Amino acid sequence: MINLRNKTFIVITVVLFVLSGFFIYDLMSYMNDREAKSIQVGNESLQKVQSEIEEILNGVIEEGAKLKEIVENQKLTAAEVRKLVETSSRDLFYLQAVAIAYEPYVFDSTKLLFAPFYDKRKGRVIQLEDKYDYTVDTVSTNIWYHGPLQNEGPEWSDPFFGTASKVLVADYGVPFYLEGSSKPSGVISLIMDLKKLGAKMDSLAIGSTGTAMIFSESGHVVAHPISEYILDVDLQSMTEELGLGDMADVMLLTKEGYTEFTRYLGRTVYAFYAEVPHVQWKTLVVFNSEDLLGQAEKLHFKLIRLCHGLSGIVFMLFLFILSPKASIKRKLWSTSVFLSLIIVTNIMVMWYLNLNFNNSRGSNNEVFIDSRTSLAAFINSENQKVSKLGLQKFIPVATGIFVEEFEFRDSYNVIIRGEVWQKWPRHLARFYDAAIRFPQEALAARTLITKFSEQEDKNFVTHTWTVKVMLKMPFDYSKYPFDVRDVKIEIMYPDVESGILLVPDVDGYSDIFPYSFPGINRDIYLNDSKLLSTQFSFNLVNFHDRFGNKRFNGLNQFPIMKYSINLKRRLLNVMVMNIIPISVVAAMIFLIFYSLTKDEDDKSGVSMMGAVQSSAGFFFVLLVAHIGLRRRLSTPSLTYIESFYLIMYVILALLAINVVAFTKSKNQSGLLHYEDNLIVKVSYWPVLLFAWMIITLLVFYN
């Protein structure tokens, strides 16, 4: 027969099992819902891009069909053909040019070739036959003409540099048949401006650094925010840059799909792709899940909550298996030790999660740059914002940094020594001089910026400075010693009104992935920290003032380039200087509690005054260590490790009160006198550790 006490334990255990089951379900649902939402938004984004691109391409296809019908059903003069290509080219925004090219002697039996070509950029009609022989099938740039003829049907070409238009283009060719002809009489060519298509793709990108692009059946990039990629980069190289590994072959062989992968600092990235209807091109959309769903901060909290629930179950099972034949005193001590171990385990789990996963995240207005693609996407996004406000677009100037040495002067000031270079475009040299400014420069700092070289290139002049500057950083020490120190170096052009935007010189580094540590001397000695990563980003700053500058009229946020050095604190010094002394003092206090007795024959106990004096001594030991910590950090906020000191002060006060009450109390049947203050003794470690656990939970997961 189970007695009432055991029934109560069973009820509590069942409740804990139910709660833990709910926590497991909640954790799995959260992770599945987060992934499902990412996939849903990714598919919606892909469909949006597909719809926009399909509309553009359908417009080109319909225009080609209309031109074919006119050419085949009407006997056109040379002037009418020229007028037709001009009108058609002007009608569609994404067309760069239109050409109607006839087979030899088809348009005029006395004339070998006839191919009027209207170039929208030049604003006039030219004759292709005067420029080159487009019927030569051995010339790669003539594929726009021979492809549709050989297939005897419409065909989209891979991107190429137009011989006549002098721009990056992709061609939609439609063969036409004149009356009575069984073979193609020529080709109608509608030539798309891939820069315009790339700009459209970028406007459809997801998040602050999301990217949309198009690649052809052969793997050539058709549209991309970086126009140079269209000819120089194929899909294989693109997937390597994005960290997609061997996904290039899968994307080429399958019509649609998606993949999830993890980039630096554990950030999840999704890539969705699908075939564009009516063509053999595919659309690829890549975005960070954090751009859509934010940081996964709830995940750790749900893990900790589950850990607490399972700990409760383990503790209740321990109570069930506790030997009923053991004495009450032994049961209480066993319960105290086991409960203390469970609490310590929970604290260690929280420490582990924060020590290994609490990496640099950046502010809400910070946009990370890890490739040329993400940089181009950000620049295009910002230019679209200022264009909508009627302002001049930003002028990007590639700027690089190499940190040779840095040190912490105090809690908030960092001295940086290194080199900064700037690739100054030649066309800007007539209006502005190359220069840099550090907005975080400390007031009392002596900044040394010395130019030591200028190297001329075809398109720009590289200016290089040696820099030694002390910067003031708003470090957050609330989680010390489990905090992450991000040395964020902001670099901007002094004249904001100029519209010059300093951007990372991605070509100046072999790799700008954070874990490749671009821009820093990796042999820098850091005695209390370890280097996690270095990375580039942009901080969108709201100056809340116009400075008499019309550029700020309606522009609430101005992008400033930022170079971050992400550091994780080593725990050895903190363990030796803070955690170990606190633990030793806590153990000594427990020994005082444990030795306290009213047994006059027991000479090993401590007296009331001895306990009070020991408490005073421990207090001053802790106070000196606490003051030393405050001097080292010099922070106005309360740090996590300081809460341990504050709890110990309370414990010392309670010790003194308990000793006096125990010694002076004459009620021998009271709770304090049960087994010589046993209840207080067995409660000491669980209460102390539980207070530390609550503080840890509030600091890290509030």
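1. Strands β14 (residues 395–408) and β15 (residues 413–425) run antiparallel and are joined by 10 bridges. Strands here are DSSP runs of E of at least two residues, and helices are runs of H or I of at least four, numbered from the N terminus. Two strands pair if DSSP finds at least two bridges between them. Phe-406 stands opposite Ile-416 in β15.

2. This is a predicted model: local features need pLDDT of at least 70, side-chain atom pairs count only at pLDDT 80 or more, and totals for chains, interfaces and linings use all residues. Residues are numbered from 1 along each chain as its sequence is written, and side-chain values use heavy atoms, with hydrogens and water left out.

3. β14 and β15 belong to an open sheet of five strands. The order is β16-β17-β15-β14-β19, with mixed pairing. From one strand to the next, the twist averages 30 degrees. Axes are lines fitted to C-alpha atoms, for helices over the stretch in contact, and angles run from 0 to 180 degrees between N-to-C directions.

4. What does a search for cavities find? The whole structure holds three cavities of 30 Å³ or more. A cavity is a set of points on a 1 Å grid over the protein atoms alone where a 1.4 Å probe fits but cannot get out; lining residues have an atom within 4 Å of a point. Points are joined across faces, edges and corners, and a volume is the space filled by probe spheres set on them.

5. The second largest cavity contains about 60 Å³ of space. Its lining includes Phe-402, Val-403, Ile-416, Glu-419 and Phe-438. β14, β15 and β17 (460–472) each supply at least two lining residues. β15 gives the most, five.

6. Val-403 lies in strand β14. Val-403 counts as buried because its relative accessibility is 0%. Buried means under 20% relative accessible area, exposed over 50%, partly exposed in between (1.4 Å probe, protein chains only). Val-403 and Glu-419 are 16 residues apart in sequence and 6.6 Å apart in space, C-alpha to C-alpha.

7. Now the helix. In α2, Val-81, Leu-84, Val-85, Ser-88 and Ser-89 are buried. Seen down the axis of α2, its buried residues fall within an arc of 120 degrees, so they line one face. The arc is that of the directions from the helix axis to the C-beta atoms. On the other side of α2, Ala-79, Arg-90 and Asp-91 are exposed.

Key
On a 1 Å grid over the protein atoms alone, a cavity is a set of points where a 1.4 Å probe fits but cannot get out, and a pocket is an open set with protein on both sides within 12 Å along at least five of seven lines; lining residues have an atom within 4 Å of a point.
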